[in-house]
Amino acid sequence: MTLSKRVTETPPYLFHLIDEKRKAVEERGVDVISLAIGDPDRPTPDFVLDIMKEEIHKPYNHVYPSYKGEPDFRAGVAAWFGSRFGVELDPVSEVMAVIGSKDAVSHLPFVFLDPGDWALVTDPGYPVYQVAVGFAGGRVSYVPLRAEMGFLPDLDAIDPVVADSARIMFINYPNNPTSAVADRGFFERLVAFARKHNIIILADNAYSEVYFEEEDRPISILSVEGAKETAIEIHSFSKTFNMTGWRIGFVAGGKALIDAFLTLKSNFDSGVFMAIQRTAARALAHPHALAFHAERTMLFRNRRDRIAAVLTDLGFTFQLPRASYYFWVEIPSSYQSSVQFCADLLEKIGLSVTPGVGYGPSGESYFRISMTAPDHRIDEGLQRLRAFAKEYL
Ligand SMILES: Cc1ncc(COP(=O)(O)O)c(C=O)c1O
């Protein structure tokens with residue numbers, strides 16, 4: 001068997017590796033607490049399940065879906081986008097369904113990159129960005145995200161020659177793994193930068209509905225004048241309604257960009273199960289959606305504050321998360337490697353968190369804690385961390 005370089009030169013997916021390590025430790029009888037992966041511990045809310053119960057019995061939902069997404073899905077998304085972000089989208093030409101946002105993230109580079117083309121990828125960042133660029137034959141130019149800049153990229157520091165040769169740039173606010181949010185001023189500068197250098201911005205807004213204070217409510221890059229021609233925004237229902245397993249999201253942007261993506265996607269897959277599309281669209285407009293989000297915000301704000309109190313007490317350095325599920329924390333100064341620190345936490349106290357280097361070279365001195373575990377498991381994890389700090393730090 002001869003495998004492609006695409007496969008042989010790609011390291012195993014970070015979260016798959018973490019899962020394997022956790023299982024190996026569990027097989028030794030250790031009760032591992034996983035604060036590693038961003039998969040909500042709460043189920044999909046009942047009001048969404050009730051809609052699905054109706055949709056799944058409709059035979060017209062059982063056949064091949066349209067490639068772009070069903071018209072009522074796209075109409076539902078456009079209506080929600082208008083009320084949520086104040087952005088008018090044409091449901092016919094400016095919205096397209098995807099099989100979770102990972103579908104969009106992993107396939108969009110194929111739309112814009114020819115082999116050898118450059119892509120700007122924020123570092124740290126969701127690992128799929130750089131792998132997808134590589135799969136498409138592109139080359140990654142890292143744009144560092146630094147704590148002192150609020151984990152926003154310093155656009156002025158990007159070499160103009162690199163910027164001129166880049167075709168795409170991945171951006172993700174609210175950000176995984178740093179939990180930073182971006183304001184309108186940043187998005188305006190970003191759109192100007194993209195237009196100047198002829199770059200398509202791939203704006204991953206998967207966490208748009210997971211934030212803790214009203215003043216940090218995420219906005220859409222598409223609300224910036226001229227953005228539709230230079231940006232595609234990527235959305236997910238995974239985090240919005242605890243629907244990670246359902247695999248549904250959407251992309252929004254100008255017609256030319258969506259048409260280009262459709263050319264690729266219609267050859268790659270056959271769309272999202274229509275019952276799921278229709279359930280998702282109806283969920284967006286459902287009267288219970290607001291209450292669900294308010295309750296979820298309270299839950300995560302509460303977890304965030306409890307974790308922050310313990311980390312502060314133990315002397316860890318971090319910025320208080322403003323959105324998403326994550327704490328991005330500096331590893332103790334006695335460690336040189338994030339992998340080593342995380343391996344020690346797993347081995348010595350059965351706590352699974354993610355090494356920052358998995359998100360890019362800038363992450364080497366960080367680790368990521370996810371808040372998506374039941375409260376009592378988080379508390380137990382924090383107690384174990386206390387014990388670890390007492391004994392080893
Ligand atoms: C930043 C970011 N984008 C996209 C995804 C993919 O989400 P999904 O494919 O479930 O929509 C994730 C998942 O964790 C993520 O963290």
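**Notes on the model**

1. Helix H5 (residues 101-112) supplies the largest share of the shell around the ligand, namely three residues; helices here are DSSP runs of H or I with at least four residues, strands are runs of E with at least two, and both are numbered from the N terminus. The model is a predicted one, in which local features need pLDDT of at least 70 and side-chain atom pairs count only at pLDDT 80 or more, while totals for chains, interfaces and linings use all residues. Residues are numbered from 1 along each chain as its sequence is written.

2. The ligand is surrounded by 14 residues, of which the closest are Gly100, Ser101, Lys102, Ser236 and Ser238, where a residue is counted if its C-beta atom, placed from the backbone, lies within 6 Å of the molecule. By class, the shell around the ligand holds three nonpolar, nine polar and two charged residues, with Ala, Val, Leu, Ile, Met, Phe, Trp, Tyr, Cys and Pro taken as nonpolar, Asp, Glu, Lys and Arg as charged, and the others, Gly among them, as polar.

3. For the protein as a whole, the secondary structure comes to 13 helices and 12 strands. The C-alpha atoms fill a box of roughly 60 × 55 × 55 Å, taken along the principal axes.

4. Of the 393 residues of the protein, 48% count as buried, a residue being buried if 20 or more other C-beta atoms lie within 10 Å of its own, exposed if 12 or fewer, and partly exposed in between, with C-beta atoms placed from the backbone.
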